[in-house]
Amino acid sequence: MGIPLPKGECFDIHALGIRDQHGRCQPLQAQALARWSDTSLKWVLLDFQVTLESHETISLEVSLNNPMGSDDVSAGISVDRLGDNIVINTGIAQFTLSSEIVKPFDRVIVRGVEVAGNQGSKLVVSDAEGKEYLPYLRHVEVETAGRLRTTVCADGILRSVDGTSLAEFIVRLTFYAQRSDVQCEWTIRNSRAALHPRGLWDLGDAQSIYFRDCSLYLGLSSAQVSSVEWNVTPGDAMQSQSCQSLELYQDSSGGVNWQSPNHVNRLGTVTTSFPGYSVKLDGALIEQGRRATPTVRIRGEHQSLSVAVSGFWENFPKAIEVQNGEMVVRLFPRQYSDLFELQGGEQKTHTVFLQYDSFGEPSSLNWTHDRLVAMPPADWSARARAFGHVAALKDSHSMSECEMAAERLVGMAVNGKNTFFERREIVDEYGWRNFGDLYADHEAVNWKGDRPLVAHYNNQYDVIYGGIIQLVRSGDVRWYDLVRDLAKHVIDIDLYHTQNDRSALNGGLFWHTDHYTDAGTSTHRSFSITSPQAKVSSSYGGGPACEHNYATGLLYYYYLTGAPAAKEAVLSLADWVINMDDGSMRSCGWLDRRPTGYCSLTATQGYHGPGRGSGNSISVLLDAEILTSRKTYLAKAEQLIRRCIHPLDDIDGRNLADVEKRWSYTVFLQVLGKYLDVKIERNELDFMYAYARASLLHYASWMLEHEVPYQQVLDRVLIQTETWPAQDIRKANVFCLAARFDSSDRRQAFRKKADFFFDACITDLQSYDTHTLTRPLVLLMTNAYVYSYYRQHDDEIAPEPSRRHDFGKPKPFAAQFHEVYLLRDRVQAGLCLLRSAKAHLASFLKATKPDGEDGHA
């Protein structure tokens, strides 16, 4: 678990300790994930072993000055080299890893008995023609070396014996002290750039890879398997048979909409074959059901091997088999009706748990299907201030009516009969590519089709962050389930895992499904050839862009779990911001090395003022700088702040009254508050602190005089939906920030406006029958908590700058090739005028020519 610590309370990672519910010190492994500016610990990752009964809850005490230290464990994990191989010893089990090919193990010894050798153990990917590809290692490292948990990370290429490469892979093997369990995380990645013609990202792209099967083969040293055991539901008794073969295969979700068009292939054909799973014994069907969460075990003379796959039915198709005396874990099973397609820049990670044992009765793997969740108390997280402006949930008696309504609406995501979990069933948001994403039901309001519109949400407005905020405020672990599933999906599917496309796209984040359009064959990549717009407009299409870029949730997911892939995702998104703005990375960049402006655009070409494009870019850069302390990220964030806003801006000239195009300037102002918090924590009350503070207050003062609830100006928008009043929550938050940073007479006016817009947001939103759809709930999840915090801390005032500064006058930003584009636009406008003049002249001549003349004169 990750736990935040208050600034200045603990500096030494070895001083941490943990006591169980009986007050006894327990072995603890601790790792610093982040530090405050005074070098005290900010986030620490704690590893400890706890066993609970079903539905049991216990309290543990974390000590910040434990004299016994964090490495108090009698026998931990050791890592040694045996030639080129790595040997992991957990105390009761010894695992030997090959240095050439992921098998995953050359040898396994448990309690002195060889349980598995290298006979037949292998991981194999087979293509449509049956050619086999093996995972050849490129790089191996001990990623985490601890006495309670050790993780080995390796990557390489899937290659056939003739040297043909299919894809890249990453594997993480995690070992636990005094355990013979292994967690294996296997990622297969297509790092090619998709061709995406016309900015359309459909299945069947020429850069996709196709394969028939991806399976892990595991055997025992015993010459013969004496019995096969399995269950399909955790906690059920294991069935046992002496047989030659077992096949447990999940073909679809087994839900009511298991044949949803969400599961179409490149040809537009739904590829699921039957609802749920089947169990076959020696080829004979013995059981069918809807949703399997199985554990399978094989036994030899003195050995056993148990296997469980995380999210087995949710990430269908999946299969676990026993054949010819070995276990086969099919992550992409050959039984499925179609080839598997991995799009350019797409990856998928599966988690498999293996348990080897010798003699005795092996322990259960039930725990792997519903992992324990440890959370600090909500008031501790609030006190630690590691989340910024987060307060624990208040007693309802101290809330206003609108605050209670907001909390009730946010809670609907996990409470009641229409939660985000239940909404998955509408379009069957399951399967290896879909599971974890939210259904974008707001896009289907006026849908007239004969089946539900398929629309994916893709973390818009940072649902991951909103879910984590609600988790730490409430302690309700259902938020953790939502966040975990979504974070894994975003990291694998929504990120563009390539460096072989244009710099404006590499490593970026895909948009949600295009508004009011069925996803068709574009999966989670926004723009499809099947869209009606694509059929009538050659300019329809797009790709990853700065207006949809969210990393804060991934940052805190890393802090809560220590997941390396989440950290890598944050840095990928920040590097994407820098690279897309680097003019020298374009093919003709040598002609003009100025920034492209791609990371600061919002809504219209040439607009580089406050907006969500620039705001998102700055936010992601701040996340990466917080994570790594690399000044290049902060320097770029400050460059964008100076580019997009100024304390003396002519705000009326920004045309913020154009609601459709300029509504998101409040996103930028919220991000300015995030930047100012970073500066305050570091006590850097310098020029840039003063600049950002003055800019925030300049715009907030304009808002005092000009802003009204969106409900009053809906005549200015193209489509009037419930999302507009939901966006008013941002105005309330900007006024909260302004009140914190202003010590003048305006402070009280800012606070009153914050109250006004919060109440308007909740009241106007609830006037819509559609107020509980996904998008408005997400907006409240990610924003309403800020207002609640300031209601409880209304006396909080930010520090003044260290001195007065001269900010100069605003300077317009000219992007790369700005003059060329300006000339192009003028030429195009001139051509339009000429065509119009020609048409008018022809009309005039036709109207004035005498009868009988041909009019050529």
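The structure holds 4 cavities of 30 Å³ or more; a cavity is a set of points, on a 1 Å grid over the protein atoms alone, where a 1.4 Å probe fits but cannot get out. This is a predicted model, in which local features need pLDDT of at least 70 and side-chain atom pairs count only at pLDDT 80 or more, while totals for chains, interfaces and linings use all residues. Residues are numbered from 1 along each chain as its sequence is written, and side-chain values use heavy atoms, with hydrogens and water left out.

**Cavities**

- The largest cavity has a volume of about 360 Å³, a volume being the space filled by probe spheres set on the grid points, which are joined across faces, edges and corners.
- Its lining comprises 26 residues, of which His263, Val264, Thr271, Trp432 and Arg433 lie nearest the centre; lining residues have an atom within 4 Å of a point.
- By class, the lining of the largest cavity divides into 12 nonpolar, 9 polar and 5 charged residues, where Ala, Val, Leu, Ile, Met, Phe, Trp, Tyr, Cys and Pro count as nonpolar, Asp, Glu, Lys and Arg as charged, and the others, Gly among them, as polar.
- The second largest cavity contains about 100 Å³ of space, and the residues lining it include Leu97, Lys103, Pro104, Ala154 and Val171.
- Strands E13 (132-145), E14 (149-159) and E15 (165-176) are the elements that give two or more residues to the lining of the second largest cavity; strands (E, at least two residues) and helices (H or I, at least four) are DSSP runs numbered from the N terminus.

**Nonpolar cores**

- Within the largest nonpolar core, of 139 residues, Trp43, Tyr559, Leu669 and Phe758 touch the most other members; such a core is a set of buried Ala, Val, Leu, Ile, Met, Phe, Trp, Tyr and Cys residues joined through side-chain atoms within 4.5 Å.
- Another core lies apart from the largest one and has 74 residues, among them Ala93, Ala154, Val171 and Val322.

- Helix H13 (residues 687-706) reaches 29 Å from its first C-alpha to its last, close to the 28 Å expected at 1.5 Å a residue, the expected span being 1.5 Å times one less than the number of residues.
- Because 16 of its 20 residues are buried, H13 is largely enclosed by the rest of the structure; buried means under 20% relative accessible area (1.4 Å probe, protein chains only).
- The buried residues of H10 include Tyr633, Lys636, Glu638 and Arg643, and their cover includes helices H8 (564-580), H9 (612-628), H12 (665-681) and H13.

How values were computed
Buried < 20%, exposed > 50% of the residue type's maximum accessible area, 1.4 Å probe, protein only. 1 Å grid on protein atoms, 1.4 Å probe; cavity = no way out; pocket = protein on both sides within 12 Å on 5 of 7 lines; lining within 4 Å. Contact = heavy atoms within 4.5 Å.
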